[in-house]
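Good morning, and thank you for coming.

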Amino acid sequence: MSSRRRFYARPLLATAASIVVLTGVAAAAPAATPTAASAASPAAALDDTYYQGALGKTGTALKSSLHSTISDQTTLSYSQVWDALKATDEDPANSSNVILLYTGRSQSKSENGGDTGDWNREHVWAKSHGDFGTATGPGTDIHHLRPEDVQVNSTRGNKDFDDGGSAVSGAPGNYTDGDSFEPRDAVKGDVARMILYMAVRYEGDDAFADLEPNDSVSNGSAPNIGRLSVLKQWSQEDPPDSFEQNRNEVIFDQFQHNRNPFIDHPEWVESIW
């Protein structure tokens, strides 16, 4: 395994701009006593409701609390996943297209299937890592299912995630070798947070395997995926952006009605692992 570390940080210009705008609005507005609802941020509102039981916890207690919360979900069939991904991964600049995870390509929603050039359903937590296939549950959980080019999906296969390898044809910025896959910088954190969501959601109490990240590669059919140390680094270096946050909202509002807590609270990655 070759080792390559490329450090980067996603600019937080949008967040800063929002703060400036909100500050300007507050200064110009007539004097008034803000209500609790108007003063609360979206994150604070979730903490007061959805995540109330998790606040103040760390380690296994936090993981257990989040598991209870996010396990309350609506499940989809594998065929329903097609339409769900057309909504969750819609290109913000072109509502007729979806954005593919690894390639970053914007492609027509109608070009889904199994032929060369089509996009299909990539299981970020590989199906064989826990032997859940496309069964309703982990096999159809759209928090870790993403649109991807058929051939690039095949190249990733069931490999673990790690740094290093040779460039992936047709997917600039992605690298692979015999036992691992490295996604492009812009979605490294997305991949990490999807993997860690699965580890919290599926704990072996619902007839499926207890999914857990580890620091290994070549996990095969074991219910593990690695490398955890690299995934933690990716999550820190690539924080949630507006696309990932919107995706979480669409899944919550329209489809599964549960959330990926590591998008809402990235700091919980370190609190658990």
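Let me begin with a pairing of strands. β1 pairs with strand β2, residues 94–99, in the antiparallel sense, over two bridges. Two strands count as paired if DSSP finds at least two bridges between them. Strands here are DSSP runs of E with at least two residues, helices are runs of H or I with at least four, and both are numbered from the N terminus. Within this pairing, Glu90 stands opposite Val98 in β2.

A word on the source. This is a predicted model, in which local features need pLDDT of at least 70 and side-chain atom pairs count only at pLDDT 80 or more, while totals for chains, interfaces and linings use all residues. Residues are numbered from 1 along each chain as its sequence is written, and side-chain values use heavy atoms, with hydrogens and water left out.

Which strands make up the sheet, and in what order? Three strands form an open, antiparallel sheet, ordered β1-β2-β3. β1 (90–91) and β3 (106–108) are at the edges with a single partner strand each, so one side of each has no neighbour in the sheet.

I turn now to helix α9. This helix covers residues 242–255, 14 residues in total, and spans 19 Å from its first C-alpha to its last, close to the expected 20 Å. The expected span is 1.5 Å times one less than the number of residues.

Which residues of α9 are buried? They are Phe243, Glu244, Arg247, Asn248, Val250, Ile251 and Phe255. These residues cover an arc of only 160 degrees around the axis, which puts them on the same side of α9; the arc is that of the directions from the helix axis to the C-beta atoms. Buried means under 20% relative accessible area, exposed means over 50%, and partly exposed lies in between, with a 1.4 Å probe and protein chains only. As a general point, an α-helix has 3.6 residues a turn, so residues three or four places apart point the same way.

The face of α9 turned away from the buried side carries the exposed residues Ser242 and Asp253.

Just after α9, His257 takes a positive phi of about 60 degrees.

Next, strand β4, residues 119–123. Five of its five residues are buried, so β4 is largely enclosed by the rest of the structure. Five bridges join β4 to β5, and the two run antiparallel. Trp119 has Asp149 in β5 as its bridge partner.

The loop between β4 and β5 contains Asp131. Asp131 is not a glycine, yet its phi is positive, about 55 degrees. At 68% relative accessibility, Asp131 is exposed.

Finally, the whole chain. There are eleven helices and eleven strands, and 48% of the 273 residues count as buried.
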